[in-house]
Structures are given as C-alpha cells and as structure tokens.
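User: I have a model open and would like to go through it with you. Could you begin with one of the strands?

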Amino acid sequence: MEKLIITAALTGAEVTKEKQPYLPVTPDEIAEAAYECYKAGASIVHVHAREKDGSPTQSYEVYKEIKEKIEAKCNIIFQPSTGGAVWHSPEERLQPVELAPEMATLSCGTCNFGGDVFMNSEEYIEKFAKRMKELGVKPEVEVFERGMINNALRLVKKGLIESPLHFDFVLGVPGACPGTPDDLIHMIRSVPMDSTWTVAGIGRAELPLATMAIVLGGHVRVGFEDNIYYSKGVLARSNAQLVERVVRIAKELEREVATPDEAREILGIKKK
Ligand code: KMH
Ligand code: ZN
C-alpha cells in the first residue's frame, strides 16, 4: 500500500477563537501550526487566511505572507483554499491561485453548508480549473456530494483537469453528504480506479473515517477546520495533536506515513 498522506486543515473559514482558543489565525500562528504539523507527520497543509480581526479573507497578500512564512520553516506542501467563506465572490476566492502554489482546492459543485449555501456554478468551476491548469497547480477535487465526482470527470473530458485525479471527500457537513462508513465506501467506489483520495470527516466523523482511510489505502485530512475536539466535549490543544493521533493509528495498522516529497511523488506534483 502506498504511504499515507496526512493533510492538516489548520484554520478554515468558519471556526472562531471563541470556539477554539488554539485556532491559528495570524500568518505567524498559521506558519507555526503548519511547522508543528509537519514535525508530527503531515505532508500537506490546507490553508485559509484571516484578516487581523480574525475574519476570513482570500487576500493575495495575506496568502503570500503565509506561504513565505511556511516555506521558511519546512517543505510541507502548501495548499490554499479556493473555497474561502460562503460569502466570498469567485474572483476573491481565486486570488491565492495566482501564487502558483503546488496545489489548491477545487470544489466541484454547489451544496448546502450549515445554514448557508456553498455556491460553485459550472461556469466558475471551469474558470478555476482553467487558471489552475495555466499555472501548473494540482487541484484537490473537493467532493461534498456524490454528483460532484461526475462534475470533476466532465472537467477531465473538457481537458480542464488531468487524470489521475486527487479527491477530498468532505463528509459530515450539515446540509451535505453525511459522514458514515457507507457514505465513504460509496464515494470510493464512484471514482476512477487510478484516482487518489483523502477524507475529511467533519466533527465526530473525523476519527472513524480517518481510520477507515488508513485501512483502505486512502489518505487523511484532520485539523480545526473540520473538527475542534480531541474527544467528546474535550477541545484539542493543537492541530498537531490531531495529526499525531493519526500517525499513531497508522503505525498500529502498519501503514507508513509519507514525507512531503513522497506525497509529491504519489500525487504527481513537481516541486516548485
Ligand atoms: N469554507 C467552505 C465554504 C475549500 O477550502 O476549498 C469551503 C471550503 C472548501 O472550506
Ligand atoms: Zn477549506
């Protein structure tokens, strides 16, 4: 089985310091959290930027600062969000792609998102994919509902993204696909055989789905964007604490953990 790629989703757009006091929000805090996760065994860091007041931003400058600060500490793969927050415009959301990072997320459909709607029209999915292709950015296809897999496959047919695809099944978002074992199995069976996939279980779905992914040959995403707790009612002390647990489980299950360079090789990313 190929080595396990662990992604640390550090901040997200929705979590606040009030809910999770250890949430990294400034560029320095985000870079330090990325470094701690790298030392713990993460090979990708999924980043959402924040303004000084803590509100989510897709600002090119803030992402640039974060990227440079992370790169000064370690060679973890920098993966900015193009999802942003539900109220960001598509133009705002696309800004971090202009940094030509090694990877970026590409959400492939619209879904309910808590009490909101996460809008991804075909027109804008294609615009995002086209720009990523022009800049040599590997898309991580974000799948919140089963139909989004087919939207991604249509992009392949149109030549806007290239196989083998890398999917992130985001399961357990209120309003979108639940995070049960059956849901994960259905997603895995729905992607082309040559795909790679990771799973981001939301809230209490994080740990069981991560464990399934380790066993089934997938990859794992954990972090405060998806889950702020270590156990029921107990807040995690850091993103790295969540990464460390995945590393321990993988070790028990005899699945080796990938370094960032090994993750690049698995995902077909040329180091920039
Ligand atoms: N914050 C969500 C609305 C991504 O990062 O690409 C979208 C999101 C997906 O988090
Ligand atoms: Zn995100």
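Analyst: In strand 9, Lys138, Glu140 and Glu142 point one way, Pro139, Val141 and Val143 point the other way, and all are buried. Buried means under 20% relative accessible area, exposed over 50% and partly exposed in between, with a 1.4 Å probe and protein chains only. Helices (H or I, at least four residues) and strands (E, at least two) are DSSP runs numbered from the N terminus. In a regular strand the side chains alternate between the two faces of the sheet.

User: What should I know about the model and the numbering?

Analyst: This is a predicted model, in which local features need pLDDT of at least 70 and side-chain atom pairs count only at pLDDT 80 or more, while totals for chains, interfaces and linings use all residues. Residues are numbered from 1 along each chain as its sequence is written, chains are lettered from A and ligands numbered from 1 in the order in which they are written, and side-chain values use heavy atoms, with hydrogens and water left out.

User: Which strand does strand 9 join through five bridges?

Analyst: That is strand 6 (residues 103-107), which runs parallel to strand 9; two strands pair if DSSP finds at least two bridges between them. In this pairing, leucine 106 stands opposite valine 141 of strand 9.

User: And how many bridges join strand 9 to strand 10?

Analyst: Four bridges join strand 9 to strand 10 (residues 166-171), and the two run parallel. Valine 143 stands opposite phenylalanine 169 in strand 10.

User: Turning to the ligand, which residues surround ligand 1?

Analyst: Ligand 1 is surrounded by residues including His46, His48, Gly83, Thr105, Phe113, Phe118 and Glu225, where a residue counts as near if one of its heavy atoms lies within 4 Å.

User: What lies 3.0 Å from an oxygen atom of ligand 1?

Analyst: A polar side-chain atom of glutamate 225 does. A side-chain N or O atom of histidine 48 is 3.1 Å from a ligand 1 oxygen atom, and a backbone N or O atom of glycine 83 is 3.3 Å from one. Alone, ligand 1 exposes 300 Å², of which the protein buries 98%; these areas come from the Shrake-Rupley method with a 1.4 Å probe, and for residues only the protein chains shown count as cover.

User: Why does threonine 82 count as buried?

Analyst: Threonine 82 counts as buried because its relative accessibility is 0%. Threonine 82 lies in the loop between strand 5 (77-80) and helix 3 (90-94). A polar atom of the threonine 82 side chain lies 2.5 Å from the backbone oxygen of threonine 105.

User: Finally, is aspartate 226 buried or exposed?

Analyst: Aspartate 226 is buried, because its relative accessibility is 5%. Aspartate 226 sits in the loop between strand 12 (219-222) and strand 13 (229-231). The side chain of aspartate 226 makes a polar contact with that of arginine 221 at 2.7 Å. A polar contact is a pair of N or O atoms within 3.5 Å; within protein, one must be able to donate a hydrogen and the other to accept it, and residues adjacent in sequence count only if both atoms are side-chain atoms. Aspartate 226 and glycine 201 are 25 residues apart in sequence, yet 6.8 Å apart from C-alpha to C-alpha.
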